[in-house]
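Today I am looking up aromatic rings and what surrounds them. I will take the entries one at a time.

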Amino acid sequence: MGDSSGQPGIHTYKSLAEEGPFGSVEPPKRPTGSLVMHSMAMFGREFCYAVEAAYVTPVLLSVGLPKSLYSMVWLLSPILGFLLQPVVGLASDHCRARWGRRRPYILTLGVVMLLGMAMYLNGDAIVSALIADPRTKLIWAISITMIGVVLFDFAADFIDGPIKAYLFDVCTHRDKERGLHYHALFTGLGGALGYLLGAIDWAHLELGRLLGTEFQTRRTMTTKSLLRALMSMPPHYRCLCISHLIGWTAFLSNMLFFTDFMGQIVYHGDPYGAHNSTEFLIYQRGVEVGCWGLCINSVFSSLYSYFQKALVPYIGLKGLYFMGYLLFGLGTGVIGLFPNVYSTLVICTLFGVMSSTLYTVPFNLITAYHREEQEKQRQQARGGGPDGSARGQGVDCATLTCMVQLAQILVGGGLGLLVNTAGSVVVVVITASAVALIGCCFVALFVRYMD
């Protein structure tokens, strides 16, 4: 798809935020192939995210990370993201690189994702090959694995904003809606493939014996200005951000600990047992089955992204938003109170409803809000009123995405303490259910929906 690249011979389509209502050029209709190619960035991101979600907690526990350091791992990356995400959004709005405004950021963050992933998956193996002293090896293995997790989360969270801002820059309103549906579709497919790799017992496959299983090989914007931007937002933007925060807090509370929940609570395994003990092998089996559950979640997320199109004329975006939160809240409540292998795997389909909802509905509302503002500015200009400046789409996408980092901060800081206090990860699932049900009330009462 075209971007504001500034290269000769390439058509440029600038957003209304750049030139005002009458200096802008309406982007052409994008072919399906272009939207699919753009969505492949989300496919790759979610594939890597799925591998992390499936393995990061088991990996950290298997290298010897104390439970007391849980919170630090989950807090470092989202704090950095929350502080710096608006910087990336604002900088990309004003970027004049030859590649365009968004693509340099997408490429750079993609490379950092791969680097972080390589570090947390292979840190233990690298350290074991270089260091013999057990105590020194333990310290370095934990350190490299933690750094890898932080780098990966930092880049994976950041890259979502530029990807969506790129879509909003070069597409018509109709193509933005189509593009977001393709995002949800390929996000689900990427997640399904990532979780599927984690669900396979590689130790019993020839390729697995050859490669080794994962367990075996292991302009500047400040925080103050961000808060000012949030407070100066129109109320309906701010309410949308709060609802997004509630949704991601509930979703991450469940997803980040799900494979660990399966291994410890459903299968009654022990992640701290000796690696050749029955308890650890049972835990490992629970993690593998948990990956199958997350794979089901991702597949159903892709399928539901298409059901959404059929449901919108009947229940609208409000109905979709409310239903996503409600089904997720009820489902997590059931598996938390009655942990069972088969019922948990079935309820994973409801996780897919929530996932697809979070990836599409808030951004559909953002595009609707932008379109409304642009129409008002056109009418003001025709009536001889002062020319307004539309809101920067990069900043709005970044601010909305900031809620994901803030949710991670809340999850990392709060749930680590809850797990240590309760002594069981089941409290995480119950918390996810309660937060999602609170979110149901919020999206029904406070979020503004367009006709």
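I start with a term: a residue is buried when its relative accessible area is under 20%. I note that this model is predicted. I looked up F351 by that rule; its relative accessible area is 0%, so F351 is buried. F258 comes out at 1%, so F258 is buried.

Next entry: ring pairs. I describe a pair of aromatic rings by the distance of the centres and the angle of the planes. How many aromatic pairs does the structure hold? I find 11 aromatic pairs.

I looked up W248 and F251. Their ring centres are 5.6 Å apart, and their planes meet at 85°. An angle over 60 degrees counts as edge-to-face, so I log this pair as edge-to-face. Both W248 and F251 are buried. Where do W248 and F251 sit? I place them in helix α9, residues 235-255. They are three residues apart, so about one helical turn separates them.

Then I went to F258 and F351. Their ring centres lie 5.7 Å apart with the planes at 90°, so I log this pair as edge-to-face. This pair links distant parts of the chain. F258 belongs to helix α10 (residues 258-266), and F351 belongs to helix α12 (residues 341-382).

Which residues do ring pairs link into a cluster? I list W248, F251, F258, F328, F351 and Y359.

Last entry: lysines over rings. K164 lies over the face of F363, 4.6 Å from the ring centre. I also found the charged end of K309 over the ring of Y182, at 5.8 Å from its centre.

Note on methods. Residues are numbered from 1 along each chain as its sequence is written. This is a predicted model: local features need pLDDT of at least 70, side-chain atom pairs count only at pLDDT 80 or more; totals for chains, interfaces and linings use all residues. Side-chain values use heavy atoms; hydrogens and water are left out. Rings of Phe, Tyr and Trp (its six-membered ring) pair if their centres lie within 6.5 Å; planes under 30 degrees apart count as stacked, over 60 as edge-to-face and the rest as tilted. Helices (H or I, at least four residues) and strands (E, at least two) are DSSP runs, numbered from the N terminus. Buried means under 20% relative accessible area, exposed over 50%, partly exposed in between (1.4 Å probe, protein chains only). A charge sits over a ring if NZ of Lys or CZ of Arg is within 6 Å of the ring centre and within 35 degrees of the ring normal.
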